[in-house]
Amino acid sequence: MATILHHSSFLSSSSSSTTTTTTKPPIPPPFSRPHATLSPPSKPLLIKLTTTLTATALATTILTTTSPSLADSPTTYKIYYGTAASAANYGGYGGNSDKKASAEYIYDVPDGWKERLVSKVEKGTNGTDSEFYNPKKKTEKEYLTYLAGFRQLAPKDAVLNNLALSDVNLQDIIANADSVTSEERKDENGQLYYDYEIDGVTAHSLITVTCAKNKLYAHFVNAPAPEWKKDQDTLRHIHQSFKTVR
């Protein structure tokens, strides 16, 4: 009996040991492998997603910033050389020679603006020497008049009133003006210029007047009030570009 009991207790202990060895191996793999496979891929995945989103945002920014610049490209200009030739010589052999060499004044003209040819009659009556206009907005224009026999400028108010006597459009702008401002300045050579700005309900006008070579030059930049609000940077540029050539 003692021998039988000892043998059965050995069998039960051996069977219990086999039970523990068979249950332990399956437990670790399911928990260790999923943690090892799930956590590492998350970092590269986040980096890829972040890089993709950043690239998409940059592409969107480039597209949205370049398209307006194409529509709102900066205005370019060309220089006009005016000769202020008399009506008798206008269109003659000397008048059509080298305008740059014989120029008495210059001003900038926006690219795309058209020149209106001035007739001899117009040149002889009100002294108009040159004129350019915006073909898309024909009432937006710049032009220059001159009068011979002036050695120096009169007082600012007197000069503006005298200009209006020979310019009906200027008379209307002044009559309907909300404000008229004027100032004087001198260039690097000491030449005196008068600058006028007329702000009206229907139109806006910038005028520069000076005397040189025994002539009075008046440069005008006119625009309807709605166009002035849109294009005033360009209009001020061409206003400030006028000067006589010594």
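The structure is a predicted model. Its fold comprises six helices and ten strands. Of the 246 residues in the protein, 31% are buried. The protein exposes about 15800 Å², and carbon and sulfur atoms supply 61% of this area. Among contacts with a separation of 6 or more, 56% are between residues 24 or more positions apart.

Helix α4, formed by residues 156-165, shows how burial can be arranged along an element. Its buried residues are Val-159, Leu-160, Leu-163 and Ala-164. Seen down the axis of α4, these buried residues fall within an arc of 135°, so they line one face of the helix. Asp-157 and Leu-165, on the other side of α4, are exposed. The buried residues of α4 pack against helix α5 (168-175) and against the strands β6 (177-186), β7, β8 (203-212) and β9 (215-224).

Strand β7 spans residues 192-200 and contains Glu-197. Leaving aside residues up to four places away in sequence, Glu-197 touches Ser-179, Val-180, Thr-181, His-204, Ser-205, Leu-206, Trp-228 and Arg-236. One of these, Ser-179, is 18 residues from Glu-197 along the chain, and the C-alpha atoms of the two are separated by 8.1 Å. With His-204, Glu-197 forms a polar contact of 2.8 Å between side chains.

Notes. Residues numbered from 1 in each chain as written. Predicted model: local features only at pLDDT ≥ 70, side-chain atom pairs only at ≥ 80, totals over all residues. Heavy atoms only, no water. Helix = DSSP H or I, 4+ residues; strand = E, 2+ residues; numbered from the N terminus. Buried < 20%, exposed > 50% of the residue type's maximum accessible area, 1.4 Å probe, protein only. Contact = heavy atoms within 4.5 Å. Areas by Shrake-Rupley, 256 points an atom, 1.4 Å probe, with all protein chains shown as cover. Polar contact = N/O pair within 3.5 Å; in protein donor to acceptor, adjacent residues only side chain to side chain. Arc of directions from axis to C-beta.
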